[in-house]
Amino acid sequence: MKVLVILLAVLCLAAGGAAVFVLSGSYNIAANDPHWPLTEWFLGVVRERSISAHSKGISIVPAKDSRVLIINLGVSNYHEMCRLCHSAPGYPRSEVARGLYPAPPDFTSKDFKRRKDAEVYWIVKNGIKMTGMAAFGATHSEEELWGIVFFTQLLGGLTPEEYTAMVKAAGLQKKEDHHH
Ligand code: HEC
């Protein structure tokens, strides 16, 4: 009984302390103030377990031979919507990408570890909470989503010239990054 009372008192104190900490505004929510390594590790485990569990059972909808057709959709969508955060061949890391926390991975980097198609599809469709990663499922067709997935998987192997040619073939202008 005594142990229980002590335990309850400790719990109340901890909850009170947490409430004071939160309500006082002491926690620094700034994007340029990184998490503790332990928090970072914990959030990483949560993210990886969640993506793996939620993407299980997703089968690759478009047949392999229709990939060529939908990759065009992927190129235009990627160039317009993803490049700013995830870079592209010939487009180095943008100012937005450098300011985001967590940082969006650079898909053109040699160090980027490519995920399975199903995982990329799930992420692009549903986004990732409390990061800059948006959910594109509500605004894009299945074909567009898969086109984006297949194109992002190709990115690491493209030269800037090849990328530009694909952007032109998809009917887009090559846009220059904004400098100031
Ligand atoms: C405003 C910036 C922003 C835009 C635009 C954006 N993303 Fe992201 N994306 C992020 C961030 C930030 C993360 C990292 C989230 C994390 O670490 O949990 C991310 C993560 C991802 C991942 C997981 C990477 C990995 O393997 O860990 C994929 C895949 C992805 N984005 C694809 C896309 C695609 C495709 C588009 C365009 C349709 C896109 N993103 C647009 C910010 C963005």
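Residues are numbered from 1 along each chain as its sequence is written, and side-chain values use heavy atoms, with hydrogens and water left out. Because the model is predicted, local features require a pLDDT of at least 70 and side-chain atom pairs count only at pLDDT 80 or more, whereas totals for chains, interfaces and linings use all residues.

Helices and strands are DSSP runs numbered from the N terminus (helices, H or I, at least four residues; strands, E, at least two). Helix α1 comprises 23 residues, 2-24, and its end C-alpha atoms are 33 Å apart. Burial was assigned from relative accessible area (buried, under 20%; exposed, over 50%; partly exposed, in between; 1.4 Å probe, protein chains only). The number of buried residues in α1 is zero, so the helix lies largely in the open. Just after α1, G25 adopts a positive phi of about 80 degrees.

Helix α6 was examined in the same terms. Its 13 residues should span 18 Å at 1.5 Å a residue, and the end C-alpha atoms, 19 Å apart, agree with this. Buried residues of α6 are L145, W146, G147, I148, V149, F150, F151, T152 and Q153. The cover over these buried residues includes α3, α5 and α7 (160-169), contact being defined as heavy atoms within 4.5 Å.

Helix α3 (residues 67-86) contains H86, which is buried at a relative accessible area of 10%. The side chain of H86 reaches the backbone oxygen of P105 at 2.8 Å. Such a polar contact is a pair of N or O atoms within 3.5 Å; within protein, one must be able to donate a hydrogen and the other to accept it, and residues adjacent in sequence count only if both atoms are side-chain atoms. With residues up to four places away in sequence not counted, H86 touches Y78, P104, P105, D106, F107 and M133.

Helix α2 (residues 37-54) includes F42. Together with L38, W41, L43, V45 and V46, F42 makes a nonpolar surface patch of about 620 Å². Accessible areas come from the Shrake-Rupley method with a 1.4 Å probe; for residues, only the protein chains shown count as cover. Patches consist of residues with over 30% relative accessible area and no salt bridge, like charges being joined within 9 Å and nonpolar side chains (Val, Leu, Ile, Met, Phe, Trp, Tyr) within 5 Å.

The structure holds four salt bridges, each defined by a side-chain nitrogen of Lys or Arg within 4 Å of a carboxyl oxygen of Asp or Glu. One of them joins the side chains of E48 and R115 at 2.9 Å, N to O. E48 lies in helix α2 and R115 in the loop between α4 (95-99) and α5 (117-126), so this pair ties together parts 67 residues apart in sequence. Both residues count as partly exposed, E48 at 32% relative accessibility and R115 at 25%. R115 also forms a salt bridge with E119, the closest N and O atoms being 3.2 Å apart; E119 is buried, at 12%. A further salt bridge links E142 and K125, with the closest N and O atoms 3.8 Å apart. E142 belongs to helix α6 (residues 142-154) and K125 to helix α5, so the pair ties together parts 17 residues apart in sequence. E142 is partly exposed at 35%, as is K125 at 29%. Salt bridges with shared partners join R47, E48, R115 and E119 into one network.

Notes. Expected span 1.5 Å × (residues − 1).
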